[in-house]
Amino acid sequence: MWYNFNMEKIIITATAESIEQVKELLEAGVDRIYVGEKEYGLRLPHTFSYDELRQIATIVHEAGKELTVAVNSLMHQEMMNHIKSFLDFLVDIQADYITVGDAGVFYVLKRDGYPFKTIYDASTMVASSRQVNFWGQKAGASEAVLAREIPSAELFKMQEVLEIPVEILVYGASVIHHSKRPLLQNYYNFTHIDDEKSRERDLFLAEPSDPESHYSIFEDNHGTHIFANNDLDMMTKLRELVEHGFTHWKLEGIYTPGHNFVEIAELFVQARELIELNQFTSDQAFLLDEQVHQLHPKNRFLDTGFYDYDPDQVK
């Protein structure tokens, strides 16, 4: 008996690409829905209008679940000048959590007494327990999103001193670089290419020494975003993560469209239920993992990222 109900509840957060998918994910057993709009949310499967966000909030709360809204953009002054109207809207729809990566947003939240619980999300920059604890202590963050490039040996050491819960990406694409500059457009200008820059164009970079590598790249109003060569799938590591206190799981659907993403969410909900019943064996993890691979987009690959790396190899 390794799981007990004195442990933190396992919380599953999932992105959503449509109002219909929100409903399906809630029915599948997801605890939190993660959405946002165009100006203040980064790397979302879909950017929703204010009216759509209001509908989603109603659907989520009527289901007894929680809503997280992305406010994790890298802020310029012009964006900060208008952020209060967006935060006021989020109060109106009763958003439960917002993700924040900019100190200016934390300042406004504290100065004006906004009621949100905040999740510190500075993407690849959040790689130490001291950093997480700082934002918990000084800015009142309730939780934090850990960088995806941390080996398990370092993760387990961090958990010993973390003061707030942290989110682990257990499925989906992982960003490795974000620049506010229009890098794709600059490249097109230099090479005299006229092409799309959006995520739907499905562009990728390949290393000169490894033509099979596949680093997805797209450009939007927030700049240029580059993703890891392989997407993450931590199904076979879930038991170990829970044993070490990592019970906040994120499912990222930015490159897994449609009902397949919902079915993958169902598999992770099933894994959670088995863990809570102390019935999650290695064989069951392997079988669920096989199903994840079958549902994952065929032009993308899965692995466990940096999880099994020797920390000395990660510089």
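Modeller: The answers below go through a sheet, the packing inside the chain and the aromatic rings.

Modeller: This is a predicted model, in which local features need pLDDT of at least 70 and side-chain atom pairs count only at pLDDT 80 or more, while totals for chains, interfaces and linings use all residues. Residues are numbered from 1 along each chain as its sequence is written, and side-chain values use heavy atoms, with hydrogens and water left out.

Colleague: What is the strand order in the open sheet of 4 strands?

Modeller: The order is β8-β11-β10-β9, and the pairing is antiparallel. Strands are DSSP runs of E with at least two residues, helices are runs of H or I with at least four, and both are numbered from the N terminus. Two strands pair if DSSP finds at least two bridges between them.

Colleague: Which are the edge strands?

Modeller: They are β8 (175-179) and β9 (203-207), each of which pairs on one side only. Neighbouring strands of this sheet are turned by 30° against each other on average, direction ignored. Axes here are lines fitted to C-alpha atoms, for helices over the stretch in contact, and angles run from 0 to 180 degrees between N-to-C directions.

Colleague: Which helix packs on the sheet?

Modeller: Helix α7 (residues 183-191) does, touching β8, β9, β10 (210-220) and β11, and its direction makes about 105° with that of β10. Contact means heavy atoms within 4.5 Å.

Colleague: How is β11 joined to β8 and β10?

Modeller: β11 (residues 223-227) runs antiparallel to β8, with 4 bridges between them. Another 4 bridges join β10 to β11, again antiparallel, and a hairpin connects β10 to β11 through 2 residues. Ile226 of β11 stands opposite His177 and is also the bridge partner of Ile217.

Colleague: Is β11 mostly covered or uncovered?

Modeller: β11 is mostly covered, with 5 of its 5 residues buried. Buried means under 20% relative accessible area, exposed means over 50%, and partly exposed lies in between (1.4 Å probe, protein chains only).

Colleague: Let us change topic. How many residues are in the largest nonpolar core?

Modeller: That core has 86 residues, and those with the most contacts inside it are Ile33, Leu90, Leu146 and Leu238. Helix α9 (residues 259-276) gives the most to this core, with 10 residues. A nonpolar core is a set of buried Ala, Val, Leu, Ile, Met, Phe, Trp, Tyr and Cys residues joined through side-chain atoms within 4.5 Å.

Colleague: What does Leu146 touch?

Modeller: Not counting residues up to four places away in sequence, Leu146 touches several residues, among them Val126, Leu155, Met158 and Phe246.

Colleague: And the rings: how many aromatic pairs are there?

Modeller: The count comes to 16 aromatic pairs. Rings of Phe, Tyr and Trp (its six-membered ring) pair if their centres lie within 6.5 Å; planes under 30 degrees apart count as stacked, over 60 as edge-to-face and the rest as tilted.

Colleague: Why is the pair of Phe134 and Trp135 edge-to-face?

Modeller: Their ring centres are 5.3 Å apart and their planes stand at 90°, so the pair is edge-to-face. Phe134 counts as partly exposed because its relative accessibility is 39%, whereas Trp135, at 16%, counts as buried.

Colleague: Why does the pair of Phe218 and Phe227 count as stacked?

Modeller: The planes of Phe218 and Phe227 are at 25° and their ring centres 5.9 Å apart, so this pair is stacked. Both Phe218 and Phe227 are buried.
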